[in-house]
Amino acid sequence: MPPVSSPTLTPDGPRRSLFITGGAGGLGAGLVRAAARAGHNVAFTYRTSASAADALAADLAAVPGAGRCLPLRMDQRDTDSVEQAISAALTELDIDAVILNAGAAKTGLLAQMEDADWLEVVDTNLTGAFRVCRRFLWHFLGRRSGQFIHIGSVAAGGMAGHAAYAASKAGVEGLSASLAREYGPRGITSNVVSLGLFDGGMGSEQASDSLRQFWLTHCPQRRTGHGDDIASTVLFLCSGAATFVNGQVIRLTGGLDWAP
Amino acid sequence: MTRDDVLDILRQETIDILDLPADTVMEDGKSFADYGAISIDIVTIVSGVMRRLNVSVPRQDLYDVHSLGQLVDVLHSACAAKE
C-alpha cells in the first residue's frame with residue numbers, strides 16, 4: 001500500500017461511514033452522537049430499544065451538518081439477524097469502519113454461575129463480534145480497506161465477580177489481533193479500545209461502591225472516564241490518519257490498567 | 001450482464017490479486033489453486049468481483065463451488081436475479 005501522506009487524512013478529515021453496534025443507549029449512543037455530529041454517516045444497531053434508537057436518529061437528523069443516521073435492529077447472537085442488518089446497512093452506506101460496542105455482562109461468583117449466563121455473555125460479546133467481523137470482511141476485502149474497532153475492557157486481564165465478561169473481552173483481544181495479522185496485508189486493520197471505569201458504561205452500571213472507590217483512589221487521574229474520552233479515540237481510529245495503527249490494544253484507563 | 005462479462009471481471013480481479021500476466025486466460029474447469037491462489041486470495045478475489053458486480057452471494061452458497069466455471073455461474077445468476 002502507498003504511504004499515507006495526504007494532509008486531508010486527519011481525524012477531522014473526510015466524512016466516513018461507520019457501523020456501530022449497540023448504539024441506542026449508554027456509551028454506544030454517545031459514540032453515535034459524536035460520530036454523527038462530526039459529520040460521519042452512521043448505521044447503528046440496537047437489540048430491543050427501538051424507540052430509543054428512533055429517537056436518537058430523529059434528534060441527530062435535526063442537527064445541522066450531522067451525518068446520516070440509520071438505526072437497525074440486530075441481535076448479534078443470531079447469525080441471520082447479523083447478516084440481515086449488515087446487508088441493509090451496506091445497501092445504504094459504503095461502510096468504512098465498524099465499531100463493535102454491543103455487549104452483555106452477568107455478575108457473580110464463577111463457582112455459582114449457570115451455564116446459560118456464561119454462554120449468553122460469551123455468545124454476545126465474543127461470538128457476536130466474530131459474526132459481525134466475518135460478514136464485514138467480505139465487504140472490506142472487496143474494497144481492500146476497512147477498520148475494526150473493538151470496545152474492550154481492562155477486565156480482559158481478569159476481574160473478580162465478572163469471569164464471563166472478562167473471558168469474553170480477553171477473547172475479543174485475541175480476535176482483534178488475529179484479524180490484524182490475517183487481513184493487515186489486505187488493507188484492513190483491527191484494534192481494541194480497552195476501557196477502564198466509565199460513566200454510563202456497562203462496568204459503571206454494575207460497579208460496586210467499593211470498586212468505584214478503588215478506582216477513584218488508585219487511578220492516577222482520580223476520575224472515571226467520560227464518553228468524550230472514548231469518542232475522540234474511536235473517531236481517530238476510524239479516520240484515514242490511523243491506517244498504520246493495527247493490532248493494538250489502546251487503554252483508556254487514566255493510567256490504571258488493572259481491576260481488582 | 002452476460003456470462004462472458006462476469007468471466008472477464010473475474011479474470012481482471014484474479015490477475016490483479018495474483019499479479020498474473022495480463023493475457024492470462026481463465027478456464028472454466030480450473031480452480032483458483034491452479035493459478036497459484038491461496039485461501040485469502042480467493043476470498044479477496046470473490047469479494048472484489050461481488051463489489052464490482054454490486055451483488056452479494058451468501059457465504060454458504062460458495063461452499064460447493066469448486067471450479068471457476070461454477071463460480072461464474074453463481075455470480076451470473078446473482079446478476080440475473082438483480083436485473
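I began with strand β4 (residues 97–100) of chain A, which 4 bridges join to β5(A), the two running parallel; strands here are DSSP runs of E of at least two residues, and helices are runs of H or I of at least four, numbered from the N terminus. I note that this is a predicted model, in which local features need pLDDT of at least 70 and side-chain atom pairs count only at pLDDT 80 or more, while totals for chains, interfaces and linings use all residues. Residues are numbered from 1 along each chain as its sequence is written, with chains lettered from A and ligands numbered from 1 in the order in which they are written.

I looked up the partners in β5(A) and found that Phe148(A) is the bridge partner of Val98(A). The chain goes from β4(A) through α4(A) to β5(A) in a right-handed β-α-β crossover, that is, with the strands pointing away from the viewer, the path from the first strand over the helix to the second runs clockwise.

On β6 (residues 188–195) of chain A, 8 bridges tie β5 (residues 146–153) of chain A in parallel. Phe148(A) stands opposite Ser190(A) there, and His150(A) has Val192(A) as its bridge partner. I also noted that β5(A), helix α5 (residues 163–183) of chain A and β6(A) make a right-handed β-α-β unit.

**The whole sheet**

I traced an open sheet of 7 strands with parallel pairing, in the order β3-β2-β1-β4-β5-β6-β7 (chain A), where pairing requires at least two DSSP bridges between two strands. Its edge strands, β3 (69–73) and β7 (249–252) of chain A, each pair on one side only.

I checked the burial of β5(A): 8 of its 8 residues are buried, so the strand is largely enclosed by the rest of the structure; buried means 20 or more other C-beta atoms, placed from the backbone, within 10 Å of the residue's own. Gly146(A), Phe148(A), His150(A) and Gly152(A) point one way, and Gln147(A), Ile149(A), Ile151(A) and Ser153(A) the other.

**Between the chains**

I found 6 residues from chain A and 7 residues from chain B in the contact, contact being C-beta atoms, placed from the backbone, within 7 Å. On the side of chain A, helix α4 (residues 115–143) gives the largest share, 4 residues.

How values were computed: Two residues are in contact if their C-beta atoms, placed from the backbone, lie within 7 Å. A residue is buried if 20 or more other C-beta atoms lie within 10 Å of its own, exposed if 12 or fewer, and partly exposed in between; C-beta atoms are placed from the backbone.
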